[in-house]
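Please open the structure in your viewer and keep the selection tool at hand.

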Amino acid sequence: MSLNDTIVACATPAGYSSIGVIRISGDQTLSLVKKIFVSRQKIQDFETNHAYYGNIIDPDNNDVIDKIIATFYLTPHSYTGEDVVELSCHGNPLIIDRITKILTGMGARIAQRGEFTKRALLNGKIDLLQAEAVLDTVIAPCNEARKLAITQYEGKLSDKIYELRSKIVDLLSFVEANIDFPEEEDIQNSDIGIEGGLKSIIEEIDELLKGAEIGVKIKEGYKVLITGRTNVGKSTLFNKLVGYDRAIIHEEPGTTRDYIEDRIEVSGLYLCLFDTAGIFNTAAGPDKIAQDRTISLVEQSDLILLMFDGSEPMNEEDLYLYNLTKDKDKILIVNKIDLNIRLNESEILCDSIKISAKTGKNIDLLIQNIKSKLLPKFDHKQILLTRQRHIDALKNAKEYFIRAQKAYSPETIAFELHAALDVIGELTGKVMRKEILDRIFEEFCIGK
Ligand SMILES: Nc1nc2c(ncn2[C@@H]2O[C@H](COP(=O)(O)OP(=O)(O)O)[C@@H](O)[C@H]2O)c(=O)[nH]1
Ligand SMILES: [Mg+2]
């Protein structure tokens with residue numbers, strides 16, 4: 001990739017749409033657009049951040065290809081920091097392809113995935129955390145994830161990391177002063193000293209890591225598992241929650257074997273919902289394998305919806321599942337309350353929610369409960385890291401601080417702090433590694 005090229009790409013999805021936007025960025029943008037865009041104004045009169053109406057023509061034969069709006073963002077006042085023009089055409093692939101071909105024929109290059117954002121990063125318009133936030137804003141699967149992405153795009157997470165970084169820099173200069181002038185009293189008797197400085201940075205990292213667990217869950221989805229003995233109505237509830245007939249429902253036991261997964265947004269939260277095979281004592285062959293899978297999914301899930309059949313007495317299969325999920329976060333559900341209740345009053349069930357998956361009764365209540373169980377009472381102003389990459393970097397940095405705590409000489413401490421600074425720098429992109437950038441921008445679509 002060269003920053004000297006002028007790049008072009010369609011920024012809207014392929015196919016027919018009312019508008020299709022072609023983006024162009026780079027040194028040659030204005031001279032290329034000048035050859036194909038005819039408007040009342042002269043191209044040199046176009047102001048930055050202004051939109052102009054005109055014709056797109058084929059420069060070979062002056063054929064009018066489309067009537068469009070061109071928006072000009074002149075360097076440095078653009079997304080990429082370069083001259084950018086966005087051509088808002090009619091969203092017909094014939095039009096989009098023809099204009100793109102004309103532009104590439106005149107020397108522009110088709111942009112790689114995320115290349116506009118990558119240029120914004122390389123030109124210092126945004127940092128790496130913000131670049132990731134751009135992608136997360138586009139793909140946010142739920143409202144809470146969108147909120148996090150926008151906060152991160154605004155730079156609030158970056159500010160927090162820069163703050164942490166400057167604390168490390170201060171500590172490092174203090175440590176280095178100790179190397180250079182060990183006898184100076186001012187240095188030795190500073191407020192918290194090296195030990196206190198290291199401790200406070202580690203505490204801050206721990207706090208960020210704690211938040212990151214929530215951030216990643218909000219972004220990637222909470223695993224919610226519906227379980228219960230066979231025929232309690234798991235698949236019926238699953239279908240109700242996903243909103244369509246995804247799983248087979250039948251009165252015969254053992255209908256669901258392979259677990260079924262679907263993703264839904266529930267009151268602003270993103271859930272990976274699993275419908276699983278029911279547990280029954282006499283299971284053998286494939287049913288036994290299916291049950292083993294259910295049991296292993298229990299381990300990995302963030303929340304269990306453990307269902308009981310209200311129209312039947314509790315049996316040992318119910319109790320087995322209750323004990324299996326003892327240490328897990330769970331919601332107990334008594335289903336089939338539209339039928340005669342024959343489920344024995346039990347202490348176990350005093351906190352349960354009573355529903356009818358079939359008629360939909362109390363499903364709203366269940367949804368509220370799911371949300372309050374999952375969305376830990378985090379302060380909405382809290383700034384959360386949202387990616388495994390962030391968690392890995394912070395854990396990595398923390399290791400250096402722990403090593404520094406155990407170090408005997410200021411020289412070794414300084415060495416560890418320098419290493420930690422590099423790792424923190426990778427978070428914001430202050431230190432750039434090609435493989436990190438490649439991995440991040442691979443996730444983008446072309447045109448972003
Ligand atoms: N009356 C009533 N029947 C239900 C309810 N939920 C499920 N069922 C029935 O119970 C049987 C088993 O349901 P299913 O969802 O396949 O149970 P699973 O084996 O736990 O997945 C089916 O005949 C469903 O129609 C309910 O709330 N009320
Ligand atoms: Mg089922």
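A residue is counted as near a molecule if one of its heavy atoms lies within 4 Å of that molecule. Please keep in mind throughout that this is a predicted model.

**First stop: the ligand and its shell**

Select ligand 1 and display the residues around it. The ligand is surrounded by 16 residues, the closest being Asn231, Lys234, Ser235, Thr236 and Asp338. Colour this shell by residue class: 4 of its residues are nonpolar, 7 are polar and 5 are charged. Which helix gives the most to the shell around ligand 1? Select residues 234–242 to find helix α9, which contributes 3 residues. Now hide the ligand and look at the space that it takes: this space is the largest pocket.

**Second stop: polar atoms beside the ligand**

Show the ligand again and look at its oxygen atoms. Select Asn231, where a polar backbone atom is 2.9 Å from an oxygen atom of ligand 1. Next select Ser356; here an N or O atom of the side chain is 3.0 Å from an oxygen atom of the ligand. Then select Ala357, whose backbone has a polar atom 3.1 Å from an oxygen atom of ligand 1. How much of the ligand does the protein bury? Taken alone, ligand 1 exposes 580 Å², and the protein buries 90% of that area.

Most residues other than glycine have a negative phi, and most peptide bonds are trans. The next selections depart from these patterns.

Return to Asn231, in the loop between β8 (222–228) and α9. Its phi is near 75°, a positive value in a residue other than glycine. Asn231 counts as partly exposed because its relative accessible area is 29%, which falls between the limits of 20% and 50%.

Move on to Asn362, in the loop between β13 (353–354) and α12 (363–374). The phi of Asn362 is also positive, near 65°. Is Asn362 buried or partly exposed? Asn362 is partly exposed, with a relative accessible area of 29%.

Now select Thr75 and Pro76 together. The peptide bond that joins them is cis, with omega at about 0°. Pro76 belongs to the loop between β5 (64–73) and β6 (84–91).

Select Leu103 in helix α2 (residues 93–105). Leu103 counts as buried because its relative accessibility is 0%, and buried means under 20%.

Continue to Thr428 in helix α14 (residues 410–428). With a relative accessibility of 3%, Thr428 is likewise buried. Which distance separates the C-alpha atoms of Thr428 and Asp127? The separation is 5.6 Å, although these residues lie 301 residues apart along the chain.

Finally, select Ile333 in strand β12 (residues 330–335). Ile333 is buried, its relative accessible area being 0%.

Methods:
Residues are numbered from 1 along each chain as its sequence is written. Chains are lettered from A and ligands numbered from 1 in the order in which they are written. This is a predicted model: local features need pLDDT of at least 70, side-chain atom pairs count only at pLDDT 80 or more; totals for chains, interfaces and linings use all residues. Side-chain values use heavy atoms; hydrogens and water are left out. A polar contact is a pair of N or O atoms within 3.5 Å; within protein, one must be able to donate a hydrogen and the other to accept it, and residues adjacent in sequence count only if both atoms are side-chain atoms. Accessible areas come from the Shrake-Rupley method with a 1.4 Å probe; for residues, only the protein chains shown count as cover. On a 1 Å grid over the protein atoms alone, a cavity is a set of points where a 1.4 Å probe fits but cannot get out, and a pocket is an open set with protein on both sides within 12 Å along at least five of seven lines; lining residues have an atom within 4 Å of a point. A molecule sits in a cavity or pocket if more than half of its atoms lie within 2 Å of its grid points. Helices (H or I, at least four residues) and strands (E, at least two) are DSSP runs, numbered from the N terminus. Ala, Val, Leu, Ile, Met, Phe, Trp, Tyr, Cys and Pro count as nonpolar, Asp, Glu, Lys and Arg as charged, and the others, Gly among them, as polar. Buried means under 20% relative accessible area, exposed over 50%, partly exposed in between (1.4 Å probe, protein chains only).
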